[in-house]
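Subject: Structure handover

Hello,

Here is the structure I promised to pass on. Please open it first, then read my notes below.

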Amino acid sequence: MMPGQLFDHLLTAIVVVDTQWRILYANAAAEQLMHQSVRRLVNQPLTEQLQHASVDWSHIVSTTQAGQSLTDSDVTWVVDGQPQKVQLSASPLFDDPNGGKILLEVNVVSQQQRISKELAQKAQQQAAKELVRGLAHEIKNPLGGLRGAAQLLEKMLPDASLAEYTQIIIEQADRLRNLVDRLLGPQRPGLRQKQNIHVVLEKVRQLVNLDTQGAVNIIRDYDPSLPDFDMDPEQLEQAILNVVANAADAVREQADGQITLRTRTGFQTVIHGMRHRVVAQIEIIDNGPGISPELQDTLFYPMVTSKVNGNGLGLAITHHLIDQHKGKIEVNSWPGHTCFIIQLPIIEKDTTHE
């Protein structure tokens with residue numbers, strides 16, 4: 001059996017390229033992964049078949065030309081607009097005397113691995129949240145005393161003009177108290193009622209339109225078949241508004257800046273290890289500069305932000321509110337494309353665990 005025929009029996013996608021990234025060979029698994037036949041792939045640049053891949057192509061070339069292999073187990077690989085987490089390994093082909101061929105092995109990260117990573121991130125986030133809550137409580141307690149002392153001092157001042165300074169103390173204490181209250185966030189779900197998610201999205205759209213004065217094009221792509229479900233509309237409005245407002249900030253300066261609000265019905269969806277028969281899926285998509293890969297894994301942690309003047313609370317609060325609705329939020333981002341995906345159960349979970 002020839003090597004090419006052997007490769008066709010592998011579940012791992014195998015692609016051979018030259019140093020210009022032209023595809024010289026692709027096995028059956030690679031055809032499936034890239035949604036094209038090998039006849040269409042051969043002699044085409046691999047980099048043009050992907051909308052995005054979070055790898056340094058030049059680093060792969062220099063490493064393999066030095067006779068070394070490398071592996072990246074956390075690559076985002078986007079084909080036909082669909083992001084996938086893959087493990088990418090690159091090795092030089094030693095049977096090539098010119099050293100100009102690279103063997104790529106691409107393994108899609110399994111559903112079970114994604115669930116394990118999601119649960120680990122959830123545990124880390126919960127630990128970070130508890131740490132911040134504890135710190136917030138420690139800050140809040142002396143703030144009341146500080147403010148009260150400033151008010152008493154203001155009444156005893158011999159010169160009324162000095163009250164300017166006590167007012168600064170009171171104002172700054174109030175500002176810190178508001179910040180702490182936001183850190184603590186809502187502790188329990190609010191009043192639930194049957195509501196349509198599109199009513200919530202329309203309120204968010206109107207608020208962002210007013211804030212941007214229509215400078216950002218907001219496209220609605222709604223699934224009218226989505227049924228009403230139990231929610232706290234105010235909490236979900238706040239959660240979604242935080243995301244859409246961030247998207248508006250990201251594209252505000254672009255002439256072609258746009259945000260898409262998309263809803264779809266999801267079936268048999270796994271959320272936090274439990275399978276739900278029907279979920280509402282809300283996608284907030286913008287064509288801004290994207291979120292740096294270093295931030296994406298910790299984006300929903302308190303105090304994590306890419307904004308110069310941001311406090312890193314908006315998305316942490318969003319995550320908390322979505323979590324209270326038994327849902328989840330995740331993000332896929334690369335330059336020119338950021339998509340926040342919110343999934344909320346409509347029908348209660350099945351009894352089967354994933």
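What follows is a short account of what was found. Bear in mind that this is a predicted model.

Overall picture first. The protein chain has 354 residues, and 43% of them are buried. It holds eleven helices and 14 strands. Take the contacts with a separation of 6 or more: 63% of them link residues 24 or more positions apart. The accessible surface is about 19200 Å². Carbon and sulfur atoms own 52% of that area.

Now the cores. The largest nonpolar core counts 39 residues. Ile197, Ile240, Val244, Ile259, Ile284, Phe340 and Ile342 touch the most other members. Several elements supply at least two residues each, including α8 (197-212), β10 (258-271), β11 (274-286) and β13 (337-345). Helix α9 gives the largest share, eight residues.

Phe340 is worth a look in the viewer. Leaving out residues up to four places away in sequence, its contacts include Val243, Ile282, Ile284, Leu299, Phe300 and Leu315. Glu283 and Glu330 are also among them.

Last, Thr76. It sits in strand β4 (residues 70-79). Is Thr76 buried or exposed? Its relative accessible area is 11%, under the 20% cut-off, so Thr76 counts as buried. Its side chain makes a polar contact of 3.0 Å with the side chain of Lys85. Beyond four places in sequence, Thr76 also touches His52, Ala53, Ser54, Pro83 and Gln84.

Best wishes

Methods:
Residues are numbered from 1 along each chain as its sequence is written. This is a predicted model: local features need pLDDT of at least 70, side-chain atom pairs count only at pLDDT 80 or more; totals for chains, interfaces and linings use all residues. Side-chain values use heavy atoms; hydrogens and water are left out. Helices (H or I, at least four residues) and strands (E, at least two) are DSSP runs, numbered from the N terminus. Buried means under 20% relative accessible area, exposed over 50%, partly exposed in between (1.4 Å probe, protein chains only). Contact means heavy atoms within 4.5 Å. Accessible areas come from the Shrake-Rupley method with a 1.4 Å probe; for residues, only the protein chains shown count as cover. A polar contact is a pair of N or O atoms within 3.5 Å; within protein, one must be able to donate a hydrogen and the other to accept it, and residues adjacent in sequence count only if both atoms are side-chain atoms. A nonpolar core is a set of buried Ala, Val, Leu, Ile, Met, Phe, Trp, Tyr and Cys residues joined through side-chain atoms within 4.5 Å.
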